[in-house]
Amino acid sequence: MTAQAEDRSGRPDLAPSVIASFCNREVDGLAAVYDHFARPVWSVTMSVLGNRQLAEDAAQETFLKAWNGAARFDQSRPLGPWLMTIARRTALDVHRRESRPTRGGHAQEQEVAINLPGIERAWEVWEIRAALDQLPDEERHVVELAHFGGMSHPQIAERLGVPVGTVKSRSFRAHKRLAALLGHMIDQEGGSQ
């Protein structure tokens with residue numbers, strides 16, 4: 001059986017045998033779940049915390065919590081939303097823990113407004129990451145450098161050692177593929193307004 005299947009909504013998810021292996025707390029199951037969901041989980045924790053190191057810590061804690069609670073997971077449901085919920089809650093816990101005063105206290109307490117992403121936002125992040133993962137490596141790399149690295153086409157060309165025209169072609173193809181892969185998200189937003 002393959003490691004990927006589709007859940008009821010048509011989104012890529014792990015095969016039932018892999019999910020069962022994870023729920024039985026088998027190391028291979030954990031490895032497959034981690035490989036499949038590490039990026040989306042990190043995206044959720046990063047969107048809540050805004051700090052790379054804290055997001056990485058929260059992502060690791062997410063997988064530890066999921067591993068400890070795996071036996072209680074309902075295997076008839078998709079694993080992704082369950083993990084994203086754990087990731088969001090874990091990131092919130094990390095945020096609370098980090099913002100608590102230390103024994104010596106804070107010199108001056110300040111109220112900080114935080115816009116926490118809802119489950120819809122976390123799911124959007126997961127959808128986008130899953131779509132990016134379906135791109136060929138050279139196209140995905142260009143998109144990541146442009147959107148996550150804030151680099152221009154000439155900067156990407158210099159970094160990759162390819163002509164600017166190649167970067168533009170890869171970017172065009174990648175965005176065209178992403179539009180096709182994520183078109184259902186636009187349709188849902190348009191239909192709900």
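A crossing of two helices is called left-handed if the near helix is turned anticlockwise from the far one by less than a right angle, and right-handed if it is turned clockwise. By that convention helix H2 passes helix H4 in a right-handed crossing, where helices (H or I, at least four residues) and strands (E, at least two) are DSSP runs numbered from the N terminus. The model is predicted, so local features need pLDDT of at least 70 and side-chain atom pairs count only at pLDDT 80 or more, whereas totals for chains, interfaces and linings use all residues. Residues are numbered from 1 along each chain as its sequence is written, and side-chain values use heavy atoms, with hydrogens and water left out.

The secondary structure of the chain comes to eight helices and two strands, arranged along the sequence in the pattern β-β-α-α-α-α-α-α-α-α. Of the 193 residues in the chain, 37% are buried, a term that stands for under 20% relative accessible area, with exposed meaning over 50% and partly exposed in between (1.4 Å probe, protein chains only). The accessible surface of the chain comes to about 11800 Å², and 50% of this belongs to carbon and sulfur atoms; such areas come from the Shrake-Rupley method with a 1.4 Å probe, and for residues only the protein chains shown count as cover. Among contacts (heavy atoms within 4.5 Å) between residues at least 6 apart in sequence, 59% join residues at least 24 apart.

In soluble globular proteins, nonpolar side chains tend to be buried together. Here the largest nonpolar core has 23 residues, and those with the most contacts inside it are Phe22, Val33, Phe37, Val41, Leu79 and Leu83; a nonpolar core is a set of buried Ala, Val, Leu, Ile, Met, Phe, Trp, Tyr and Cys residues joined through side-chain atoms within 4.5 Å. At least two residues of this core come from each of H1 (16–23), H2 (27–49), H3 (52–69), H4 (79–99) and H5 (119–133), and the largest share, five residues, is supplied by H4. In H1, the buried residues include Val18, Ile19 and Phe22, and just after this helix Arg25 takes a positive phi of about 60°.

Two packed helices are described by the angle between their axes and the distance between the axes. The axes of H2 and H4 come within 9 Å and cross at roughly 40°, and the two helices are therefore oblique to each other. Among the residues that make this contact are Val33, Phe37 and Val41 of H2 and Leu79, Leu83 and Met84 of H4. H2 also packs against H3, at an angle of about 140° and with the axes 8 Å apart, in a crossing that is right-handed. These two helices, too, are oblique to each other.

Phe63 lies in H3 and, at 6% relative accessibility, counts as buried. Leaving aside its neighbours within four places in sequence, Phe63 is in contact with Val33, Tyr34, Phe37, Ala38, Val41 and Leu83, while its C-alpha atom is separated by 8.4 Å from that of Leu30, 33 residues apart along the chain. Ser43, in H2, is buried with a relative accessible area of 14%, and it touches Val125 and Arg129 when residues up to four places away in sequence are not counted.

Methods
Axes fitted to C-alpha atoms, helices over the stretch in contact; angles between N-to-C directions. Parallel < 35°, antiparallel > 145°, perpendicular 65-115°, else oblique.
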